[in-house]
Protein chains: 2
Amino acid sequence: ENILESEPIVYRRIVVPQNANKEFCTDSGLVVPSVSYELHKKLLSVAEKHGLTLERRLEMTGVCASQMALSLLGGPNRLNPKNVHQRPTVALLCGPHVKGAQGISCGRHLSNHDVHVILFLPNFVKMLESVTNELNLFSKTQGQQVSSVKDLPDTPVDLVINCLDCHENAFLRDQPWYKAVVDWANQNRAPVLSIDPPINEMEQGIDAKWSLALGLPLPLGERAGRLYLCDIGIPQKVFQEVGINYHSPFGCKFVIPLHST
Amino acid sequence: ENILESEPIVYRRIVVPQNANKEFCTDSGLVVPSVSYELHKKLLSVAEKHGLTLERRLEMTGVCASQMALSLLGGPNRLNPKNVHQRPTVALLCGPHVKGAQGISCGRHLSNHDVHVILFLPNFVKMLESVTNELNLFSKTQGQQVSSVKDLPDTPVDLVINCLDCHENAFLRDQPWYKAVVDWANQNRAPVLSIDPPINEMEQGIDAKWSLALGLPLPLGERAGRLYLCDIGIPQKVFQEVGINYHSPFGCKFVIPLHST
């Protein structure tokens with residue numbers, strides 16, 4: 001009897017240097033391990049060193065996050081360029097940091113696609129340059145910018161996008177504007193998409209229905225909702241340089257769902 | 001008898017300052033007028049002034065052009081992350097200019113998505129900074145770079161992406177490497193996608209099956225093949241600033257087909 005052994009299908013095509021404390025899998029069963037915040041940060045900084053600048057990353061994250069949001073808003077059924085009477089409304093909640101800048105980039109692309117965007121960003125005397133650059137571009141859209149929670153809509157919006165939190169500015173959570181905007185989001189009954197949320201479960205003020213992780217996921221918990229992974233354009237050898245053996249899990253997509261294993 | 005008049009559907013939602021010498025329309029019948037090369041250039045330069053830098057544009061064009069190419073290559077049927085044995089091959093032909101840099105960015109994203117990319121770029125002693133930056137990033141992928149036509153494959157590839165031509169370097173067409181690479185492309189029987197091709201019909205050496213226009217189309221002719229339009233992230237008020245009354249024809253998409261009217 002001649003048994004032809006078929007090559008085994010390799011489901012584990014991404015290997016990280018530390019034991020992942022949480023693993024996810026794609027629709028087709030490929031394992032996507034989580035990485036620590038520190039390793040994720042190192043990955044981005046090595047990518048920057050090779051020329052994948054923050055500006056490029058902001059642009060790519062904005063495009064892919066807006067593609068995901070457009071699909072959550074109903075895609076072609078809701079966004080027909082011939083029908084300008086049923087524009088969906090998105091409230092975009094941003095903190096004064098790089099994660100906020102990612103959100104503003106996403107908001108510009110949404111506004112470019114006829115979504116009515118209301119951007120909340122608290123007033124600060126001195127803003128990060130990346131935030132200022134994104135704001136300049138956003139101000140050229142039809143999108144609206146508010147700095148006070150009372151200017152956010154009273155009625156439910158179609159989608160809330162949460163970019164308030166970041167690992168390194170946890171102290172923002174104690175500020176009055178932060179607490180007010182969390183209350184607003186919890187009272188508004190819109191579903192929430194979190195872009196690049198931090199890990200800390202305890203202090204997260206707004207529960208997400210969906211979360212979008214960038215490049216590789218952090219070990220996010222249940223409060224992050226349904227997890228999606230976004231390709232942010234990092235080439236394979238950059239992953240290698242930080243000790244990650246990486247093969248793209250994306251196929252032809254740029255945003256894919258991840259499932260808990 | 002009570003006749004409710006419905007509001008007329010406005011098909012002409014983009015108005016350009018000069019009479020367009022050619023008009024296109026979208027699948028849903030919205031008119032997309034062409035613009036002259038000079039107006040297109042002015043649009044990009046005003047966008048840059050407001051912070052939509054060349055780097056951002058290269059990243060966004062690279063992402064959207066690669067999304068189009070991935071779909072031309074067969075999309076999810078061809079690019080299954082569990083099947084690494086049937087990787088498609090793309091020959092990417094780039095000149096030493098910004099249009100070439102756009103192509104290299106597209107090539108990086110294709111390579112990140114498991115496409116086998118062979119980038120042809122002629123050797124020049126001094127390269128544009130934008131080309132060098134893209135090359136640095138491309139070199140971190142599994143993609144292959146060649147500078148001689150004889151290193152391009154003898155057998156048909158799945159797709160040729162043409163970024164050889166640009167309006168302002170027409171003299172390149174007289175160079176031996178240019179002629180050799182045109183001959184190679186015409187002998188290889190792969191279908192050709194041109195990214196951001198120039199208008200000049202006479203001198204175009206490679207016929208395209210598809211062409212991708214950026215932002216608004218130039219008055220491209222038949223040799224450009226089937227035309228697609230790519231959103232490159234320019235906000236409405238930037239269009240206004242150069243005299244274009246603009247409403248997005250994209251709906252929820254970032255690349256849409258255009259038809260001759």
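How many residue pairs are in polar contact across the interface of chain B and chain A? The rule finds 27, with both residues of each pair at pLDDT 80 or more; a polar contact here is a pair of N or O atoms within 3.5 Å, where within protein one must be able to donate a hydrogen and the other to accept it, and residues adjacent in sequence count only if both atoms are side-chain atoms.

A word on the ground rules. This is a predicted model, so local features need pLDDT of at least 70 and side-chain atom pairs count only at pLDDT 80 or more, while totals for chains, interfaces and linings use all residues. Residues are numbered from 1 along each chain as its sequence is written, chains are lettered from A and ligands numbered from 1 in the order in which they are written, and side-chain values use heavy atoms, leaving out hydrogens and water.

Back to the interface. On the chain B side, 52 residues are in contact with 52 residues of chain A, contact meaning heavy atoms within 4.5 Å. The two chains bury about 4800 Å² between them, and carbon and sulfur atoms give 56% of that; buried area is the accessible area (1.4 Å probe) that two parts lose on being put together, summed over both. Of the area that chain B buries against chain A, B:Arg56, B:Lys82 and B:Lys140 supply 16%, more than any other three residues.

There are also six salt bridges across this interface, each a side-chain nitrogen of Lys or Arg within 4 Å of a carboxyl oxygen of Asp or Glu. One pairs A:Arg56 with B:Glu59, the closest N and O atoms being 2.8 Å apart. The largest share of the side of chain B that touches chain A comes from α2(B), with eight residues (helices are DSSP runs of H or I, at least four residues, and strands runs of E, at least two, numbered from the N terminus).

Now step into chain A and look at strand β9, residues 226–230. Four of its five residues are buried, so β9(A) is largely enclosed by the rest of the structure; buried means under 20% relative accessible area, exposed over 50%, and partly exposed in between (1.4 Å probe, protein chains only). Strand β8(A), residues 210–214, runs parallel to β9(A) and is joined to it by five bridges; strands pair if DSSP finds at least two bridges between them. Here A:Leu214 has A:Cys230 as its bridge partner. With β10(A), residues 255–260, β9(A) runs antiparallel through four bridges, and A:Tyr228 stands opposite A:Pro257.

Finally, check A:Asp196, in the loop between β7 (192–195) and β8 of chain A. A:Asp196 has a positive phi of about 55° although it is not a glycine, and at 10% relative accessibility it counts as buried.
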